[in-house]
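Could you walk me through this fold, starting with the sheet and working outwards?

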Amino acid sequence: MDLGLRGKCAVVTGGSKGIGRAIALALAEEGAHVAICARGEEALRDTERVLRERGVEVVAAVCDVSDPAALDGFLESARKAFGRLDILVNNPSALASSFADDEAGWRSGFEVDVMAAVRATWKVVPWFAESGGGCILHISSVSGLEAGSPPAYAAAKAALISHSKTLAVSLAPQKIRVNVIAPGSIEFAGGLWEATKQNDPEFYSTVLGTIPWGRMGTPEEVANAAVFLVSEPASWITGVCLGVDGGQRKANI
């Protein structure tokens, strides 16, 4: 299936590791030009190198998305380099720091997970509208759909789901689609679940037991869903919260 992404211009915030990296690479494989940002330069440059090997145009910038000026500058530079933007993927998460149920944890979770996505959306919507449409995709979590996770993290992820649905309705007349993916437990090198397996194998096994498929997911499995949702074949899909979790979440709704 031709996903119609060749020549499209995409931004993936938090695009140097894990799910963000996998999404950026999957977009590049489809021929999309990709701009990524992240706080850590080493992983960022490695991902930039791999993206360039796909033969697409690449923008890669060190950026703390919780800094409004830095995020604004990154988005401006991406648009200037490509001449337009068609896709925005809001991926960063203050995962570790937002696990704390205190002022710092709540502030970090909402600044990185929620407000960065809100500000990036504010920035790109006029551009998308001017060019006749676009796609916005938030990366949330099953933690935003049910109880059981640290409250600050869960609340931030739930806010992203609510935000995406509201935007999908309000931006539809401008031909801007908005969706959100809620991944389950995703394991990758250097990620939370790899560390948990090493440092707290009992808890790792407990969580693994909640997944009917009997394994953690991979970033590539989330990326496959993400690339479809921002593609032409998904043109009638907006306002959707798509779980990518191997059946980990059991609710009917």
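First, a word on naming: helices (H or I, at least four residues) and strands (E, at least two) are DSSP runs, numbered from the N terminus. This is a predicted model, so local features need pLDDT of at least 70 and side-chain atom pairs count only at pLDDT 80 or more, while totals for chains, interfaces and linings use all residues. Residues are numbered from 1 along each chain as its sequence is written, and side-chain values use heavy atoms, with hydrogens and water left out.

Let's begin with the sheet. It is open and built from 7 strands, in the order β3-β2-β1-β4-β5-β6-β7, with parallel pairing; two strands pair if DSSP finds at least two bridges between them. β3 and β7 sit at the edges with a single partner strand each, so one side of each has no neighbour in the sheet. From one strand to the next, the twist averages 15 degrees. For angles like this, axes are lines fitted to C-alpha atoms (for helices, over the stretch in contact), and the values run from 0 to 180 degrees between N-to-C directions.

Now zoom in on β2, residues 33–38. With β1 (residues 9–13) it runs parallel, joined by 5 bridges, and Cys-9 has His-33 as its bridge partner in β2. With β3 (residues 58–62), β2 also pairs in the parallel sense, over 5 bridges, and here Val-34 stands opposite Val-58. In a regular strand the side chains alternate between the two faces of the sheet. In β2, His-33, Ala-35 and Cys-37 point one way while Val-34, Ile-36 and Ala-38 point the other. What about burial: 6 of the 6 residues of β2 are buried, where buried means under 20% relative accessible area, exposed over 50%, and partly exposed in between (1.4 Å probe, protein chains only).

At 1% relative accessibility, Ile-23 counts as buried. Leaving out residues up to four places away in sequence, Ile-23 touches Val-12, Val-89, Ile-139, Ala-223, Ala-226 and Val-227; contact means heavy atoms within 4.5 Å.

Over at the β7 end, β6 (residues 176–183) and β7 run parallel and are joined by 4 bridges, with Pro-183 opposite Val-244 in β7. Helix α5 lies across β5 (134–139), β6 and β7, running at about 160 degrees to β6. Helix α8 (residues 219–229) also packs on the sheet, where it touches β5, β6 and β7, and its direction makes about 165 degrees with that of β6.

α5 has a helix partner too. Two packed helices are described by the angle between their axes and the distance between the axes. For α4 (residues 103–131) and α5 (residues 151–171), the axes come within 8 Å and cross at roughly 15 degrees. That makes α4 roughly parallel to α5, since angles under 35 degrees count as roughly parallel, over 145 as roughly antiparallel, 65 to 115 as roughly perpendicular and the rest as oblique. Among the residues making the contact are Gly-105, Trp-106 and Gly-109 of α4 and Pro-151, Ala-152 and Ala-155 of α5.

A few more residues are worth a look. Lys-175, in the loop between α5 and β6, has a positive phi of about 60 degrees although it is not a glycine. Lys-175 is exposed, with a relative accessible area of 57%. Asp-72, placed in helix α3 (residues 68–82), counts as partly exposed at 32% relative accessibility. Its C-alpha atom is separated by 8.1 Å from that of Arg-119, 47 residues apart along the chain. Finally, Gln-248 lies in the segment after β7 (241–244), and at 12% relative accessibility Gln-248 counts as buried.
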